[in-house]
Amino acid sequence: MKRIDLHVWGPLIALIGLFILGAILNPAFLAPANLSNVLARSAFIGLIAIGMTFVITQGGLDLSVGSMAAFLAGITIMAMNALVPVVGENWGTIILGMGVALLGGVAAGYVNGALITKARIEAFIVTLGTMGIFRSLVTWLADGGTLSLDSGLRSIYRPVYFGGLGWITWPIIVFAVAAVVGEWAMRHTRFGRHVEAIGSNDRVARYSAVDVERVRLTTYVLLGALVGLATILYVPRLGSASGSTGVLWELEAIAAVIIGGTALKGGRGRVWGTVVGVLILSLIDNILNLTDLVSPYLNGAIQGVIIVLAVVLQREKRTAE
Amino acid sequence: MGKGDDMTVVLALDKITKSFGPVEVLHGVDLELHSGEVHALIGENGAGKSTIMKILGGYLAPTTGQVLLDGAPVTYRSGPEGEAQGVVVIHQEFNLAPDLTVAANIFLGREISKGLGLDHAAMRAATAELLTRLDTSIRPEALIRDLSVPDRQMVEIAKALSRKARVLIMDEPSAALTHREVEALYAQVDRLRAEGVALIFCSHRMDEVSRLADRITVLRDGTVVQRALRGEMTEDGMATAMVGRELTDIFPPKDTSSGETLLELRNFTVQSVVKDVSLKLHKGEVLGIAGLVGSGRTELAEGIVGLRPATGELRIHDRQMNIRSPREARDARLAYLTEDRKEAGLLLDKNLPVNLTLTALDEWGLRIDTKREKAEMVSARKEFDIRAASDDMRAGALSGGNQQKLLLAKTMLTDPEIVIIDEPTRGIDIGTKQQIYHFVRDLARQGKAVIVISSELPEVIGLSDRVLVMRMGRIAGEVEGAAINEENIVRLAMGLEREEEPA
């Protein structure tokens, strides 16, 4: 058993290694501003990946999250702009807009989950479909261009992304809280236990009086809510949304989950691992941008190698048992 | 040694030991397989039978000692390499690709080709011939996933036959077969023996060992404790040798003082399988349900607990209930122990406490009380005598008997009033069977109502206060008290006798 723990710690060791490498290659890496930036940008994918961990652990998948984020950003901006004449350029409008993002996320997650659990269509197919639908809707809403937030609101909203406690900005704090709560929920609650049981063998779960459909549906709704939360943090960063917002986020989130040691076939979820996975992907990106060892254009290739490597390590663990 | 001397030894184990980590599970085992002879390896779960089978077949390497094929150390290092040299293993877990046809499975890896493509016709014809020889009606072009479990077992056997085995190693070959199929299997064993094949099998069925084995080796805790030739050992003697103590009172004494009706079915119909079943189950009673495989026993149970859509009336404590899911069944204090403990009963890759508490967890609130979970595990291990190296081991690594005890403990943790147990002792050794029988009787004594579904007649007879016999989805009849015997049950199950419906 002691030996197997190495596989649990593997991603963490890799993360520490990357951190040291970054520090050696460029002193600017350790600057609080840089670290703050890396962590804040990790937060979007991170929040989504935490939700994705639950979905994958129960044996599902959600390909629609990137498009969903873009769509939610779009309707949030439109809602806020529409509210300005009514409520005014103030926090009230922003909070109502946040509500739109969150509720929209819950609704979108519910649609995915209901199609999967009630209509019994495969998760891959359903979310491939909604991925296209959300992407197309946001492009349509933006009329092929960009949806921009009212400039007055933008300056009020900005601190949500850029402010915080010193260099620890709000996205970092929200990400950290979500990670702690997510890990607790996976490890120490009935919900997490049921999620793992369903992913491990859904027939056993059903025979054991677990409400398989409801738990599955809940993971999609949870993921939708987290996408909504990520959107709330994302909108103030650029103040706009377009058809190219959130492209490939779904794959980054899935990659982070896999790197973190959650089994793609389900049954074993590691929220901490997912957080480490997200940070690994962000650090690679950051280090490539800060140094000229390797072209940043090769970022995707390096991430790809790491994903495959992580899965190979997982497989070795299984044969070692 | 009598008969064995004039036969040639094909495959032999020479002072084999095997350790998994620090634990030695085989302590210097010698074994000889003679051509033209059937060898039975018997012992309790965990005695080391499966390990020996795997070592013989090349699936495991011994820690020390040698495997000798025709007197020389074997050169094969894996199952497929062993097969190429004529040493074929039929595993207990099926080794078939569910989406391929029967013929494709039988010729998997050795396909017959014609030019660039496959010669489907030749493979189908060869498969059909094999299957006819086995006296089955399986079609070569059927998909494995559409076959029943016994049919899949027959395909496994056909596959082994097609490999022209010199040594055939069978791990519980008849565990999943019906009576007729077992006969076909025995006929094949006889035929292979006559052809000079060396056969070895392990089994929990003593009648099967008596019927087939020319030579018996009894294993206990990784050591050979007794060897015998055909006729030298009675079935009782085998059981005693396996367990290492006299087995008296395999079945606990019956206790016919049953009380009020807890569960009643009226015209209960489970979609397309079970028709118009009416029955009453009383407090403190063990009700046996017998019948052939496919007679609708499991479907009836699954209908009762809401795993299958059912119509008709279901009353608990004389109140009409509508149970549509195992959750609702649990809330009505109705529990079902599945016959398929590996696929529907336990999470094999999870540890013991996770399995134990899975069904009961809903009553524990949102947060999982780890301390309580540990305490429940301790008491379950004690109460049900679950033997495990550690609580943290995977349930899949437990022996079959301990898995069954864990499943029983898991079910009882929800404190049900009505317990339906499907095949309580499938694939379990005789010592553990005895324990389980006593657990079942204790449940009845505690005032619970118990239904036992079983294909093993001695079990139904020894355990039940009353037996319902099912045939083709209906209750064919009921026997009670002294009338519970093999003949009455078989007659009802086969439809040889039409009993008066109780008015």
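**Chatting about chain B**

Biologist: How much of chain B is buried?
Modeller: Buried residues make up 54% of the 503 residues in chain B. Keep in mind that this is a predicted model.

Biologist: Okay, and how does the radius of gyration of chain B fit with a compact globule?
Modeller: It agrees: a compact globule of 503 residues would have a radius near 23 Å, and chain B has 24 Å. Along its principal axes, the C-alpha trace spans about 70 × 50 × 50 Å.

Biologist: Switching topic! How many helices and strands does chain B have?
Modeller: Chain B has 17 helices and 22 strands. Among its features is an open sheet of 6 strands with mixed pairing, in the order 18-19-20-15-21-22.

Biologist: Why is one side of strand 18 and of strand 22 left without a neighbour in that sheet?
Modeller: Strand 18 (334-337) and strand 22 (474-480) of chain B stand at the edges and each has a single partner strand, so one side of each has no neighbour in the sheet. From one strand to the next, the twist averages 20 degrees.

Biologist: In what sense do strand 18 and strand 19 pair, parallel or antiparallel?
Modeller: Strand 18 and strand 19 (residues 418-422) of chain B pair in the parallel sense, over 4 bridges. In one of these strands, strand 19, Ile418(B) is the bridge partner of Leu334(B).

Biologist: And which helix packs on the sheet there?
Modeller: Helix 14 (residues 400-412) of chain B packs on the sheet and touches strand 18 and strand 19. The direction of helix 14 makes about 170 degrees with that of strand 18.

How values were computed: Residues are numbered from 1 along each chain as its sequence is written. Chains are lettered from A and ligands numbered from 1 in the order in which they are written. This is a predicted model: local features need pLDDT of at least 70, side-chain atom pairs count only at pLDDT 80 or more; totals for chains, interfaces and linings use all residues. Side-chain values use heavy atoms; hydrogens and water are left out. Two strands pair if DSSP finds at least two bridges between them. Helices (H or I, at least four residues) and strands (E, at least two) are DSSP runs, numbered from the N terminus. Axes are lines fitted to C-alpha atoms, for helices over the stretch in contact, and angles run from 0 to 180 degrees between N-to-C directions. Contact means heavy atoms within 4.5 Å. The radius of gyration is taken over C-alpha atoms; the globule rule is 2.2 Å times the number of residues to the power 0.38. Buried means under 20% relative accessible area, exposed over 50%, partly exposed in between (1.4 Å probe, protein chains only).
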